[in-house]
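Me: I am new to this structure and would like to go through a few of its features. Please show it before we start.

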Amino acid sequence: MRSALLIQRWYRQYVARLEMRRRCTWNIFQSIEYAGQQDQIKLYNFFGFLMDHFTPASSERNLISHIFRENEVFQDVEWEPYFCYKSIEVPDTYAGPHLTFPLTVNNITELVEAFKHKEQLHARFVLQLLGETWRLLRVLPNITEVSTCHSKEITICGDLHGHLEDLLLVFYKNGLPSVETPYVFNGDFVDRGKDSIEILLILFAFQLVYPNDVHLNRGNHEDHIVNLRYGFTKEVLGKYRLHGKKILKLLQKIFSWLPLATVIDQKVLILHGGISDTTDLKLIAKLERNRYVSALRPPKCRQAVKSKGPGGQYSDGEGDRYSAAGRRRVRSLTHSNPATARHELQRRSLQAYCIRTSPNVEEELRERRRWAGLSASYERIHDPISSDSDPDSGEVLETDAEEWKQIVDMLWSDPMLQDGCIPNEVRGGGCYWGPDVTQEVLNRHNLCLLIRSHECKQDGYEFCHNRKVLTIFSASNYYEVGSNRGAYIRLGPDLNPHVVQYQASRSTRELTLRQSVGRTERSALRALREQLFAHKSDLISAFEEYDPEHTGVISMERWAVAAETVLHLGLPWRVLRSQLVGCSTQDGMINYNDWFRELALMDPNKELAHTGLLETMYRHHSNLETIFRIIDTDHSGLISFEEFRQTWKLLSSHLKMEISDKAISDLALSIDFNKDGSIDINEFMEAFRLVDCSHAQILDSINEGLTPDLQQPTSPS
């Protein structure tokens, strides 16, 4: 009996340690992900700053102005002939699926089977399918009303993020969409994964065949600006080199027409992100959703261009439930409440940044130009009085700002445990809302449950707010193989959600719990080491503040404080020190110079170290790639030396740092491998990814199924 109790106690401690490691790993992944989203929004806000305050003729403004005009290039009546697919011939050698319209179930079955075997749909059929989807979405309301019946359940899926294997597994377990098996897909179909376009084509095809039984909500990643950073733009251009630009432009239009929410039996609200204390479904039902091609920036009002929206279409039948005669005024877009601030962060939320009024815009502009090293010929500041001459100028009306806030909250917000509603400064957009806000919004609209997605959960789902809010996430292995399960919901007439979990990776299912946690943990620590290495200069400066005598040694406590001060990731650094700090510690002290060498991250381009740009490139890798793809207006994947220089000038202005023309020129010449005067974006970005050399052997052993446990500390802490 005593032996059994000892074994039981040991096992409980063992499981508790594994759970602690799993949660710590999760915090690392999520903190790095949200920091990237903050950087994305900060960069886009910087572009908006240029658009709002620089003259229309300025060079840096012209570089990025086209990304703000995507909803103005063509009127609706001009889209169909521009994207005519009939001129595109399908060669006899094409062995992939053929689509006929109107689509049939057999067409979709053939399409799904082809994608299973890594076949590609021809661009002619892609454009034709997207065109039909666009025509259908234009007649759908902002809020889709769905009813259950006694004989069937509705299936709700969360984020898929390009994970085709998860979608196929859901279909295998739950059945293909049909009249008997209706589905709601709750946004974020694209980005991060490698099969985003295939997921879109499958979902659009099913929606065309079953328009009353397949419903798609928009997510925050159904946004062409977000796609520049997180991989979807690159994926489409790589798979459809000849017609990729047309496909992307049509998808921008389609994303703007996706419905914003779904309501089941007038009781269950399904939307991607969340709500706020000002969420108004009546206002959401009336707004012109297609004006918000990107949810990251409010649309400008123009008297000459008026977009025909779906407002009148939504007032019939079920849509009357959310219609309203007028629009309510709000005090601000910020959710600001200093008394209830969650914690101090240096970065502002999306709404707070965009409505911020600078005490002296002219001084800010001069400072930006000085850092960018721009020509004095562009020193004239945009005069607000002469805004009529600027095609991108215009006021943001209060009603537009209110609508924009509603959309941002729906796509970007997250729940929190505390009551109240505060800016979501961790993501940079939307808000955090508490149980009191959930109860108030549900009561006001006579609802009983809110189903949302937007957040990866370790088990694929999570209840909160007294089980009034249910988060569902359908992309398993999101951060790393084994990092999380996927899940979907079955909802019957009793409106009691039944959650089904799954794991798409067979290799993960074969691992023990210890192996799975160890594998995921190593991946998270590798990502964190990359962050530390990319901030090496700032970390050394922070360490030296605690080391005035330049001994090269500081205490572990000060090491933890300095790491958080520089990276702002909100991680338990003292808990992580045994994994991040090895033999460079002694008696609770750390030699930080030796520690950096222990990180064992080799930059693959040591010959370029003299340029002084390497650390900037590693730290702002994603921002740099985003700017490259914005400047590459023809989506060729190539940019000239001058465009390369302009990219770095934009980045230096955004970061408020000086980068010399000589350093940029040296860098450009060193990576022009074929000496043709142009730079391949993909080759350039791959050339400057960090390589974790010290763990190459470990990763090889993982691939062979020999996963050791590296959790034990290598030295006393």
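This is a predicted model: local features need pLDDT of at least 70, side-chain atom pairs count only at pLDDT 80 or more; totals for chains, interfaces and linings use all residues.

Me: Which residue of strand 9 is the bridge partner of Cys421?
Reply: Strand 9 spans residues 431–433 and pairs with strand 8 in the antiparallel sense, over 3 bridges. The partner of Cys421 there is Trp433.

Me: Is the aromatic pair of Tyr11 and Tyr14 stacked or tilted?
Reply: The whole structure holds 19 aromatic pairs. In this one, the ring centres are 6.5 Å apart and the planes form an angle of 35°. Stacked would require planes under 30 degrees apart. The pair is therefore neither stacked nor edge-to-face by the cut-offs, and it counts as tilted.

Me: How many residues apart in sequence are the parts that Trp559 and Trp595 tie together?
Reply: These two rings form an edge-to-face pair, 5.6 Å centre to centre with 90° between the planes, and both residues are buried. Trp559 belongs to helix 19 and Trp595 to helix 21, so the pair joins parts separated in sequence by 36 residues.

Me: Over which ring does the charged end of Arg467 sit?
Reply: The distance from the charged end of Arg467 to the ring centre is 3.8 Å. The ring is that of Phe463.

Notes: Residues are numbered from 1 along each chain as its sequence is written. Side-chain values use heavy atoms; hydrogens and water are left out. Two strands pair if DSSP finds at least two bridges between them. Helices (H or I, at least four residues) and strands (E, at least two) are DSSP runs, numbered from the N terminus. Rings of Phe, Tyr and Trp (its six-membered ring) pair if their centres lie within 6.5 Å; planes under 30 degrees apart count as stacked, over 60 as edge-to-face and the rest as tilted. Buried means under 20% relative accessible area, exposed over 50%, partly exposed in between (1.4 Å probe, protein chains only). A charge sits over a ring if NZ of Lys or CZ of Arg is within 6 Å of the ring centre and within 35 degrees of the ring normal.
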